[in-house]
Amino acid sequence: MQIYSIIPNFNINNRYNVPKQSSSFKSYNQNIRLLNVQHVDTVNFGNKTKLKQPIIIALFGPPNGGKSTLAKLLSEYLGIVEITTGNIFRAEIKKGTPLGLEMKSYMNKGELIPDKLCDEILWQRFTQDDCKNGFILDGYPRTVKHAKKINRYLKNHKGTKFKVINLNAEKQLLFKRVNERYICRDCLKATSVKDYNPAVNKCSCGGELVKRPDDTPEVFSKRLEVYEKETSPLIDFYRQNGDGVLSEIKLSLPDREPQETFWEAKECLKEFIHEQNDK
Ligand SMILES: [Zn+2]
């Protein structure tokens, strides 16, 4: 499970050494279909974007649904920060702030970090300067209580808009992605391989591709179950009380490129953005 946290951070300005859209990209792509972040290379955002007002976007989606890739693309496109709860907590602990130390003490005892503490750290993060035009949430809200807290915040910040985008993925697709995912033993980059052959399929860095120990259908089923149990009350909440804040993007087989999900998400957000034509 922990491998996630050490996969190098994606930075759209610091692109991976993958050939750009070109004939070499195509042939390269036929052998190794790269998953998620690597494909992001080929996204051309087109026109410049300006937000009409600050916006908070909450992304929901199952593990393997492509949520973090979408968060990164939207962040780049809209020019607002992406707040991933796990990263915030790790950063807080690393910085050794009083809240971070409190968090660490729970972890050292092997106890779950109380919801109240997590909440406090996150809401402190939302007040920082880089959040003033809005932000993209990955991993929050997790409960109806959190959702209500966001609603209270919006009541006090009338100019801020709110949108929930739910990536609604077919299970078959998610399992296919798990089956086809390999990681590089050297650089830990995830790569999608259809018919794995160790002699042919290598990472773009030349490293050996291996299966992640938790990428089994059994482990994945469990993760999915936990996700569904946690998220369905929230989706219901937004369906009933959201006043149109909820948009759903359906992901099904055949599997598609992350940028297609991005274009759809962009459609869901179009009422909030001005596009400026490059002349
Ligand atoms: Zn590698």
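This is a predicted model: local features need pLDDT of at least 70, side-chain atom pairs count only at pLDDT 80 or more; totals for chains, interfaces and linings use all residues.

Helix H8 (residues 171-180) and helix H9 (residues 217-241) have axes that come within 10 Å and cross at roughly 140°. A second pair, helix H4 (residues 85-95) and helix H5 (residues 98-108), packs at an angle of about 105°, with the axes 7 Å apart.

**Helix packing**

- H8 and H9 are oblique to each other, and their crossing is right-handed.
- In the contact between these two helices, Leu-174, Phe-175 and Val-178 of H8 meet Pro-217, Phe-220 and Leu-224 of H9, which by class gives six nonpolar, no polar and no charged residues.
- H4 and H5 are roughly perpendicular to each other, and Phe-89, Glu-92, Ile-93 and Lys-95 in H4 meet Leu-99, Gly-100, Met-103 and Lys-104 in H5.
- The contact of H4 with H5 divides into four nonpolar, one polar and three charged residues.

**Backbone features**

- Most residues other than glycine have a negative phi, and most peptide bonds are trans.
- Tyr-140 and Pro-141 are joined by a cis peptide bond with omega about -5°, and Pro-141 sits in the loop between strand S5 (134-138) and helix H7 (144-156).
- The peptide bond from Leu-253 to Pro-254 is also cis, with omega near 0°, and Pro-254 is placed in the loop between strand S10 (246-251) and helix H10 (258-268).
- Asn-64 has a positive phi, near 75°, and lies in the loop between strand S3 (55-60) and helix H3 (67-78), where it counts as buried because 22 C-beta neighbours lie inside 10 Å.
- Leu-188, in the loop between strand S7 (181-184) and strand S8 (190-192), has a positive phi near 70° and is partly exposed, with 15 other C-beta atoms within 10 Å.

How values were computed:
Residues are numbered from 1 along each chain as its sequence is written. Axes are lines fitted to C-alpha atoms, for helices over the stretch in contact, and angles run from 0 to 180 degrees between N-to-C directions. Helices (H or I, at least four residues) and strands (E, at least two) are DSSP runs, numbered from the N terminus. Angles under 35 degrees count as roughly parallel, over 145 as roughly antiparallel, 65 to 115 as roughly perpendicular and the rest as oblique. A crossing is left-handed if the near helix is turned anticlockwise from the far one by less than a right angle, and right-handed if clockwise. Two residues are in contact if their C-beta atoms, placed from the backbone, lie within 7 Å. Ala, Val, Leu, Ile, Met, Phe, Trp, Tyr, Cys and Pro count as nonpolar, Asp, Glu, Lys and Arg as charged, and the others, Gly among them, as polar. A residue is buried if 20 or more other C-beta atoms lie within 10 Å of its own, exposed if 12 or fewer, and partly exposed in between; C-beta atoms are placed from the backbone.
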